[in-house]
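Dear colleague,

Please find the structure below, followed by a short account of what was found in it.

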Amino acid sequence: MGFAENEEDEFRQLHNQYIYPESSNGSAASLTDTLTDSKPQGKHTWSNAELLEQKINNRALGIGRQSYPYLTWFLSFGMVAVFIAELILAKERTGQAIQTKPNVQPMIGPAPEFMISFGARFVPCMRSMPGLPTTNMIPCLKYTTTSQTTFTKDELCTLSDICGLSNPQSPDQSYRFVSAIFVHAGIVHVLFNLVVMLTLCSQIEKLIGSIPYAIVFVAGGIGGNLLGGNFGLIGQPALGASGSVYTCISFEIVDLIYNWRYEMNVKTRVTMSIIFAIIGLALGLLPGLDNLSHIGGFCVGILGGMVFAPSIHHSKRHLMVNWVYRIIGVGLLVAYFLALALNFYRSDNPADACQWCRYLSCLPMFDACKGVGISTTTSDGTTAT
């Protein structure tokens, strides 16, 4: 390949190598001539050199099905608005928008008890749990931001009260699988998710379009919450768009693999995405982060990528193989959601299906990861868990 006269010429030279690798003899002119002389032979990329070049061109320039990530912008704005409302209500109900007593909330946000009341995923609010019935007691919201660490009986409220259940004997707030996506633990949490959404996720929306993106994004959030709801610590609230964010990460990996031969530095990009995901999953083993939501979202992103990620086809056989992958992806997605939903609602204790899975989210060396993940001590020394 010779020296490029400008960026357009450099792009043309690089991508001609992918279109006509067998004709590359070190001469940029011969490659350009080959491309210019080729006449379209059909409506498919494997039989139409101009169409193939256009597809590769668009991909390199980041041009997909639409020019702007409207839904990502809307979701990001919505999450910021919800978080502002969260801080206002937390101040009103607990006395502090950002908890500093008895401990500083590490994500710089409201108390965990408030987040349960605000729509976080909290399994005892969603179904009856033998290890944590809704009659158990935790501090009432107005006492969660005081310096005290023990509480009198009149300072404790039932989980049913915190959840806002109409019938304490029949917790049924399944909407928390969805609402938890839009609630965040604090400033650090929401900022991290917004950065990923406005960069990686927005690129995916432009690539595949708003409707498929909406399906993948919401499915990733719900899928992550389903996995966490089944096997996570039932005494800890879980919240945030992290499941959907990890869906974007794994979706990109599948997209790069689908278009392996037409991507620049594809090995490096896939490797960096995997390393980033591994680091995030490793940090998710610490208390306070729901790693199972990350893992669930990552799995949904892989399967959703198999179904929705675009692919540039260099042969009819490649098209057929690609469609086989898409059909397999649909089947596995249905199986994933069906199996987890049935296990969550029909089993006496969902975690019995995989008792060690909790350690994928919280290592037993931490006190917060032991038991059901919550305990409250009254002033007379009685512990309510």
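**Disulfides and a bent helix**

The torsion about the S-S bond of C354 and C357 is about 85°, so this disulfide is right-handed. The S to S distance in the pair is 1.8 Å, where a disulfide means two cysteine sulfur atoms within 2.5 Å. C354, at 12% relative accessibility, counts as buried, and C357 is buried at 10%; buried means under 20% relative accessible area, exposed over 50%, and partly exposed in between (1.4 Å probe, protein chains only).

This is a predicted model, in which local features need pLDDT of at least 70 and side-chain atom pairs count only at pLDDT 80 or more, while totals for chains, interfaces and linings use all residues. Residues are numbered from 1 along each chain as its sequence is written, and side-chain values use heavy atoms, leaving out hydrogens and water.

The structure holds 4 disulfides in total. Another one joins C201 to C248, with S to S 2.2 Å. C201 lies in helix α8 and C248 in helix α10 (residues 242-258), so the pair ties together parts that are 47 residues apart in sequence; helices are DSSP runs (H or I, at least four residues), numbered from the N terminus. C201 is buried, with a relative accessible area of 0%, and C248 is buried at 4%.

Helix α8 covers residues 187-208. At M197, α8 bends by about 40°, the bend being the angle between axes fitted to the seven residues ending there and the seven starting there. Just after α8, G209 takes a positive phi of about 95°.

Yours sincerely

Definitions and conventions: Helix = DSSP H or I, 4+ residues; strand = E, 2+ residues; numbered from the N terminus. Expected span 1.5 Å × (residues − 1).
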